[in-house]
Amino acid sequence: MTTPVHGLGISSTASASPTTPISPPTSNPKDLENTQEKTEEKNKDRIIVGIDFGYVITTHSAIAWAHTSTPDEYEVITQWPGQSGKDWGKVPSDISYNTSIRSPTPSRTSDPTSPQRTSDPTSPSSPINDPDPQTFKWGFEVPPTDPQKLSWIKILLDPSQPRPTFVQPKRTTLPRGKTPVAIVTDYLRALRAYTLLTLQRRLGAEALANTPVEYVLTVPAVWSDKARATTLEAAIAAGLGEGGLNLITEPEGAAEYALRSLRPNALKEGDCFTVCDAGGGTVDLITYTISSLHPLQLHEVAVGTGALCGAVYLDRRFEEFVAEKIGREQLEGMDHRAKFQMGQYWETYMKREFSAGEDTQGEEEDFWVPVMGVQDSEDGRMRGGFLRVSRAEVKEIFEPIVRQVLELLGAQVLSVLKTTEKSVGAILLVGGFGSSEYLYRRILTWAGGSIPVLQPRNAWTAVVRGAIIRGLQGDTVAARLSRRFYGVVHDARYDAQKHAEMEKRWHDIRCEWIVRNRIQWYIRRGDVTTSSRKISFPFYRTIPASEISGSEHALKTELWVCDSETAPDKRDNTVRKLCVMLSEPISVEKFVKMRNEKGDVFYRVDYTLDMTVTGGVVVYEMSLQGKKGREKVGRVEVTYE
């Protein structure tokens with residue numbers, strides 16, 4: 001037996017392989033009755049709302065909804081408050097606070113869809129009654145030149161993610177008294193209020209009031225456990241949890257939609273396919289094998305990967321190109337309307353439609369970017385308020401970003417071949433950046449005809465459409481692969497054959513030599529996890545009698561993670577603390593009272609941490625091995641580092 005640092009020990013049963021499936025506990029009649037009630041509740045009519053909230057560096061969010069009575073007739077919301085011109089399948093993930101107004105029920109605008117002006121038709125705690133002294137604009141309501149505009153606010157939920165210098169906001173730029181979670185909550189609350197208003201218009205107030213609304217919220221696959229938990233906290237605070245709330249990863253949502261949008265027999269049972277979700281900020285890759293078509297069941301076969309190489313990086317490279325050609329001062333001095341026109345030309349025409357350029361030469365094939373207010377140049381590059389950009393120059397803007405995507409694809413395909421000895425049968429290209437003609441052609445060339453590259457329709461809104469399908473049909477991913485190592489730091493018994501003598505320390509309670517900061521990994525990178533099975537970590541803790549006061553004591557457990565491909569058996573700078581779990585106070589009578597060879601009294605507590613890994617979040621529970629057998633600890637408080 002060993003005793004870990006801070007008194008945590010690894011049970012003798014810990015030698016079992018962490019990948020060994022753990023059977024669920026035997027059900028009792030009450031459990032079966034509760035399950036039946038939940039099944040009956042699921043069979044009732046519901047409204048499913050999918051939300052693809054623009055995360056990390058993605059600048060737009062999308063919402064779709066469907067009624068379970070007509071699941072094939074789902075709608076993607078395309079009209080938004082403050083919007084002008086054509087319909088948009090997404091809304092900017094921007095928010096702007098007006099801190100000068102101090103009314104709890106402000107009147108910002110005449111728009112009835114404003115979150116402070118619209119009562120939630122299904123809840124008495126509507127946004128209009130929230131005691132928030134600040135008002136805000138959101139989405140299309142926020143002018144591009146608003147000095148108080150906050151974009152990319154979601155990145156503050158996961159400070160562990162690297163980000164480029166051009167991405168704001170920083171914590172110092174947030175409105176006074178507003179935390180990142182509070183700002184995300186405000187934005188999600190606005191999305192919810194407008195969604196409910198849309199549903200009321202479509203279905204009627206009475207039907208909406210009598211039908212539960214269940215939300216499916218997408219999160220980036222590269223996001224940390226802490227960021228997912230924080231997102232869940234913000235979503236619940238925004239009211240998304242009242243009728244049911246599920247989190248899924250963005251590539252899982254994209255896969256759900258992309259598979260169903262393909263022609264029949266495009267893929268068959270046993271085939272592997274890679275989803276390349278190329279979005280605004282990140283490009284996420286995930287590979288599944290189809291274990292069943294009817295019903296659809298997928299197994300993840302390679303650890304998913306991702307990187308910050310989405311379309312926003314193209315936008316920045318384009319801006320830098322324009323600044324180089326016309327001068328930084330000229331660009332920054334342009335009227336905001338002229339800048340908006342320039343950006344729209346790039347976004348809707350150049351970025352989406354550009355394909356190659358090798359076979360098209362001459363001035364008539366060049367792009368003419370509007371840069372109103374900039375004087376003509378002698379060389380003819382600037383003419384009548386337009387900047388001439390050759391196709392070769394556009395290619396130079398694209399290439400560094402596209403090469404990163406191809407590197408990710410290459411690594412993923414090799415990983416599949418290594419772990420399954422099977423080749424990838426198809427690449428499904430989705431996401432806003434995934435709709436790029438140039439990216440599609442480059443991947444097609446890279447694949448060399450050996451791997452089909454499929455670009456499903458509605459690629460820009462594939463994630464939110466997949467979220468709707470997940471809410472309607474349930475989880476189709478039968479097995480996922482862990483992206484990191486999970487374990488505990490502990491003290492191991494000193495072994496002269498394994499450990500350096502300078503590392504040994506005397507353990508006062510156990511009266512033996514030990515070495516500190518050893519790690520027992522319970523889940524390894526690449527291990528199979530399922531949402532239907534719990535993974536158990538068996539522990540024991542030795543507690544000196546002097547540390548216990550009163551008749552109850554709370555158990556504290558630290559969980560550590562490593563994101564590297566291989567993990568050390570001793571704590572180093574690749575290992576970080578994920579969270580601290582604190583149980584509710586437990587009766588000391590359930591602990592085993594013992595004495596060591598010196599006669600000192602201590603308590604031994606045997607317990608188990610149970611983890612259930614789903615597509616979106618990790619659920620933690622704790623069970624105590626007491627004198628009368630194993631019993632579940634009622635409440636476990638999890639604090640992420």
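Strand β11 (residues 272-278) and β17 run parallel and are joined by five bridges; strands count as paired if DSSP finds at least two bridges between them, and strands (E, at least two residues) and helices (H or I, at least four) are DSSP runs numbered from the N terminus. The model is predicted, so local features need pLDDT of at least 70 and side-chain atom pairs count only at pLDDT 80 or more, while totals for chains, interfaces and linings use all residues. Residues are numbered from 1 along each chain as its sequence is written, and side-chain values use heavy atoms, with hydrogens and water left out.

Within this pairing, V275 stands opposite L428 of β17. Strand β18 (residues 453-454) pairs with β17 in the parallel sense over two bridges, with V453 as the bridge partner of I427. From β17 the chain passes through helix α10 (residues 437-447) to β18 in a right-handed β-α-β crossover (clockwise from the first strand over the helix to the second, with the strands pointing away from the viewer). L428 also stands opposite L454 in β18.

The open sheet has seven strands in the order β18-β17-β11-β12-β13-β19-β23, with mixed pairing. The edges are β18 and β23 (528-529), each with a single partner strand, so one side of each lacks a neighbour in the sheet. Helix α9 (residues 391-420) packs on the sheet and touches β11, β12 (283-293), β13 (296-307) and β17, contact being heavy atoms within 4.5 Å. The direction of α9 makes about 130° with that of β13, and α10 lies across β11, β17 and β18 at about 165° to β17. Axes are lines fitted to C-alpha atoms, for helices over the stretch in contact, and angles run from 0 to 180 degrees between N-to-C directions.

Strand β17 (residues 426-430) is largely enclosed by the rest of the structure, because five of its five residues are buried (under 20% relative accessible area; exposed is over 50%, partly exposed in between; 1.4 Å probe, protein chains only). A426, L428 and V430 cover one side, and I427 and L429 the other.

The structure holds 23 aromatic pairs (Phe, Tyr and Trp rings, the six-membered ring for Trp, with centres within 6.5 Å; planes under 30 degrees apart are stacked, over 60 edge-to-face, the rest tilted). Y349 and F367 are edge-to-face, because their ring centres lie 5.5 Å apart and their planes at 75°. Y349 belongs to helix α8 (residues 336-353) and F367 to strand β14 (residues 367-370). Y349 is partly exposed at 38% relative accessibility, whereas F367 is buried at 2%.
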